[in-house]
Amino acid sequence: MKALWGVDLGGTKIEGVVMNAETNEILVRKRIPTEASKGYEHIISQVVKLIDSIKEEINIEPKAIGFSTPGTTDPTTQTMKNCNTTSMNGKPMKADLEKALGVPVELANDANCFALAEATMGIVKDVLPNAKVVFGVILGTGVGGGVVINGQILPGRHGIGGEWGHNFFEEDGVMCYCGKTGCNENVFSGPALQQYYKKLSGNDLTMKEIYELHQAGTDPHATATLNRLIKSFGRAISSIVNVIDPDAIVIGGGVGNIDMIYEAFPEELKNWIFNSRKVETLFLKPKLGDSAGVFGAIELVRGY
C-alpha cells in the first residue's frame with residue numbers, strides 16, 4: 001500500500017494525516033500544539049515529535065511529506081517569508097525539515113493548499129470535475145488566495161502567486177502590516193468589516209452577529225456592512241477574473257459562511273469584468289473545512 005503524508009503547520013497546532021493513496025482512506029490523524037512562542041527550532045522539534053508518533057502508531061515510513069505553511073518559500077533564497085508565525089521568516093524551513101526528518105518535503109502556502117485540496121479532492125471535483133483553473137479565496141481573519149491550474153499550484157516567480165489579499169484597494173485606506181495602505185485584507189476581512197460596522201454603529205459585534213442583524217432587517221448599519229463586503233469583494237475579485245478567468249472560485253474562512261454572498265458576488269462581479277453576458281464563474285462553498293490545508297499538503301507529494 002502506498003501511503004501519503006501531509007502536515008498542516010499552523011500557528012497554534014500542527015496536524016498530521018496519513019492517507020491510503022489508492023482509496024483516500026485516512027489511516028491516522030494527529031494534532032499537537034505548535035508552541036510557536038518557543039521559537040523556530042522548537043517548531044521543527046514539534047514536527048519531528050508528531051511524525052515520530054505517527055510512524056510508531058502505524059509502522060509505516062514516509063517516502064516524502066507535504067507541508068501546508070503559514071507563509072511561503074521564496075524560490076530564489078529558499079527561505080520563508082510572509083509568515084504570521086514570524087519566527088519562521090528568513091529560515092530555510094524546507095532544508096531544515098528534510099534534515100530533521102530524513103525524507104524529501106514539499107512546502108506550499110496554506111491558501112495554496114486550500115485551493116489545491118478543494119480543486120482535486122473537494123467541492124470543485126464534485127461540481128465541476130473538468131475545471132482547469134480554480135481560484136481559492138480565504139476570507140477570514142485575513143484575506144488570502146491560491147491559483148490552481150490543471151491540478152497544480154501556480155507558485156509564481158516570487159512565490160507569491162495568488163496573494164490577492166495584499167493587492168491595493170483604497171487610496172486612503174488603513175495601514176497594513178505589510179507596509180502598504182488600503183490592502184484588500186484591510187477592507188473585507190472579518191476584522192476589517194467588524195471595524196467598519198463599529199465605526200458606523202459604535203457597537204463591537206462579530207461578523208456572525210452583524211449578518212444576523214442584516215437578515216433580520218433591523219439594523220441599517222449591518223446592511224451597510226454587508227453591502228461593503230459585496231461591493232468591495234466584487235470589484236477586487238474582478239482583477240482576478242479578468243486576468244486568469246477561473247472556472248470556479250472557492251471561498252473559505254469565516255466570511256465564506258455567509259450564504260448570501262454566493263448569489264451576491266456574481267451579481268456584483270458582472271459590473272466590473274470585461275464580459276458582455278452573465279457571469280459563468282462558479283462561486284462555491286468549500287467541502288473540506290479546516291482539513292483542506294492538510295489534504296492540500298498531501299496532494300503536494302502524491303507524485304512521489
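**Entry 1. Starting point**

Contact means heavy atoms within 4.5 Å. Axes are lines fitted to C-alpha atoms, for helices over the stretch in contact, and angles run from 0 to 180 degrees between N-to-C directions.

I note that the model is predicted, so local features need pLDDT of at least 70 and side-chain atom pairs count only at pLDDT 80 or more, while totals for chains, interfaces and linings use all residues. Residues are numbered from 1 along each chain as its sequence is written, and side-chain values use heavy atoms, with hydrogens and water left out.

**Entry 2. The chain as a whole**

I counted the elements of the chain and found 10 helices and 12 strands. The radius of gyration is 20 Å, close to the 19 Å that the globule rule gives for 304 residues, so the chain is as compact as a globular protein of that length. (The radius is taken over C-alpha atoms; the rule is 2.2 Å times the number of residues to the power 0.38.) Along its principal axes the C-alpha trace spans about 60 × 45 × 40 Å.

**Entry 3. The sheet of S3, S2, S1, S4 and S7**

I followed 5 strands that form an open sheet in the order S3-S2-S1-S4-S7, with mixed pairing. (Two strands pair if DSSP finds at least two bridges between them.) Strand S3 (26-33) and strand S7 (105-109) stand at the edges with a single partner each, so one side of each has no neighbour in the sheet. From one strand to the next the twist averages 15°.

I looked at two of the pairings. Strand S4 (residues 65-69) runs parallel to S7 over 5 bridges, and Gly-66 has Glu-106 in S7 as its bridge partner. Helix H2 (residues 93-101) packs on this sheet, where it touches strand S1 (3-9), S4 and S7, and its direction makes about 145° with that of S7.

The hairpin of S2 and S3 has 5 residues between the strands, and Asn-24 in it takes a positive phi near 60°.

**Entry 4. H1 against H2**

I checked the helix that meets H2. Helix H1 (residues 40-58) packs on H2 at an angle of about 45°, the axes being 10 Å apart. The two helices are therefore oblique to each other. (Angles under 35 degrees count as roughly parallel, over 145 as roughly antiparallel, 65 to 115 as roughly perpendicular and the rest as oblique.) H1 passes H2 in a right-handed crossing. (A crossing is left-handed if the near helix is turned anticlockwise from the far one by less than a right angle, and right-handed if clockwise.)

From H1, Tyr-40, Ile-44, Val-47, Val-48 and Ile-51 meet Met-93, Asp-96, Leu-97, Ala-100 and Leu-101 in H2. By class these are 9 nonpolar, no polar and 1 charged. (Ala, Val, Leu, Ile, Met, Phe, Trp, Tyr, Cys and Pro count as nonpolar, Asp, Glu, Lys and Arg as charged, and the others, Gly among them, as polar.)

Strand S9 (residues 143-149) pairs with S10 in the antiparallel sense over 2 bridges, and Ile-149 stands opposite Gln-152 in S10.

**Entry 5. H8 and its two partners**

I ended with helix H8 (residues 220-244), which packs on helix H9 (residues 261-269) at an angle of about 60°, with axes 8 Å apart. H8 and H9 are therefore oblique to each other, and their crossing is right-handed. Among the residues that meet are Leu-229, Phe-233 and Val-241 in H8, and Ile-261, Phe-265 and Leu-269 in H9. This contact has 9 nonpolar, 2 polar and 2 charged residues.

Helix H6 (residues 190-201) comes within 9 Å of H8, axis to axis, and crosses H8 at roughly 145°, also in a right-handed sense. Leu-193, Tyr-196, Tyr-197, Leu-200 and Ser-201 in H6 meet residues of H8 including His-221, Thr-225 and Arg-228. The contact of H6 with H8 divides into 7 nonpolar, 3 polar and 1 charged.

Conventions:
Helices (H or I, at least four residues) and strands (E, at least two) are DSSP runs, numbered from the N terminus.
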